[in-house]
Amino acid sequence: MEELQIGQKVNNRYQLKEYKGSGSFGEVWLAHDDFLDIEVAIKVYISLDTRGVEEFKTEYKTAYGLTHPYLLAAMHFDVWEQRPFLVMKYCPNGSAGSIIGKASEQEIWKFIHEVAAGLHFLHTQKPDPIVHQDIKPDNILIDSQGDFVETDVRIR
């Protein structure tokens with residue numbers, strides 16, 4: 001499996017600009033979408049076999065169409081070199097982890113309200129509630145308007 005690097009293009013469309021972080025399943029990058037001429041976040045997962053790609057696709061289809069102001073929805077799903085990837089709106093203000101110990105009381109209340117609203121939306125889905133399964137400060141991003149949006153929703 002090829003290591004990702006700055007300047008590399010994913011699917012001849014998304015040029016990797018800046019490494020943002022990684023988890024146990026893949027890496028997140030700031031990328032330029034050459035087709036739309038916008039900055040996006042792209043999460044490229046580890047290489048999977050055909051069964052793994054199908055499971056990932058099923059999970060994405062379950063989450064497809066979930067829209068809420070405090071959820072960061074994937075805009076695009078595809079597979080590149082047996083590696084599933086998601087494209088999302090880029091949140092330039094980092095994660096809630098970056099404000100720990102620095103947030104005002106007002107920011108803390110805003111955080112609680114917006115995260116709770118996003119989780120409530122997931123938990124009230126029909127016919128089956130969706131449980132986030134990985135709530136932590138690094139999975140709550142701060143968008144360009146200063147809102148807290150949940151990412152990395154894993155549906156099982």
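## A buried threonine

T151 is buried, with a relative accessible area of 10%; buried means under 20% relative accessible area, exposed over 50%, and partly exposed in between, with a 1.4 Å probe and protein chains only. T151 lies in the segment after β8 (148-150). Strands (E, at least two residues) and helices (H or I, at least four) are DSSP runs, numbered from the N terminus. Leaving out residues up to four places away in sequence, T151 touches L72, M88, H132, N139 and L141, where contact means heavy atoms within 4.5 Å.

This is a predicted model, in which local features need pLDDT of at least 70 and side-chain atom pairs count only at pLDDT 80 or more, while totals for chains, interfaces and linings use all residues. Residues are numbered from 1 along each chain as its sequence is written, and side-chain values use heavy atoms, with hydrogens and water left out.

## The largest pocket

T151 also belongs to the lining of the largest pocket: of 49 lining residues, K43, Y45, M88, T151 and D152 lie nearest its centre. A pocket is found on a 1 Å grid over the protein atoms alone, as an open set of points with protein on both sides within 12 Å along at least five of seven lines; a 1.4 Å probe that fits but cannot get out marks a cavity instead, and lining residues have an atom within 4 Å of a point. The elements that give two or more residues to the lining are β2, β3, β4, α1 and β6. Helix α1 gives the largest share, six residues.

The volume of the largest pocket is about 1,300 Å³; a volume is the space filled by probe spheres set on the grid points, which are joined across faces, edges and corners. By class, its lining has 25 nonpolar, 12 polar and 12 charged residues. Ala, Val, Leu, Ile, Met, Phe, Trp, Tyr, Cys and Pro count as nonpolar, Asp, Glu, Lys and Arg as charged, and the others, Gly among them, as polar.

## The sheet

Six strands form an open sheet in the order β1-β2-β3-β4-β6-β5, with antiparallel pairing. β1 (9-10) and β5 (74-80) are at the edges with a single partner strand each, so one side of each has no neighbour in the sheet. Helix α1 (residues 50-63) packs on the sheet and touches β4 (38-45), β5 and β6 (83-89); its direction makes about 170 degrees with that of β5. Such angles run from 0 to 180 degrees between N-to-C directions, with axes as lines fitted to C-alpha atoms, for helices over the stretch in contact.

Two strands pair if DSSP finds at least two bridges between them. Two bridges join β1 to β2, and K9 has Q15 in β2 as its bridge partner. Strands β2 (residues 14-22) and β3 (residues 26-33) pair over seven bridges, with L16 bridged to A31 in β3. Six bridges join β5 to β6; there V79 is the partner of P84 in β6. In the hairpin of β5 and β6, with two residues between the strands, E81 takes a positive phi near 50 degrees.

## Two residues around helix α2

E114 is in helix α2 and counts as buried at 3% relative accessibility. Not counting residues up to four places away in sequence, E114 touches Y70, D147, F148 and E150.

I135 is in the loop between α2 (105-123) and β7 (140-142). I135 is partly exposed, with a relative accessible area of 42%. Apart from neighbours within four places in sequence, I135 is in contact with L119, I140 and E150.
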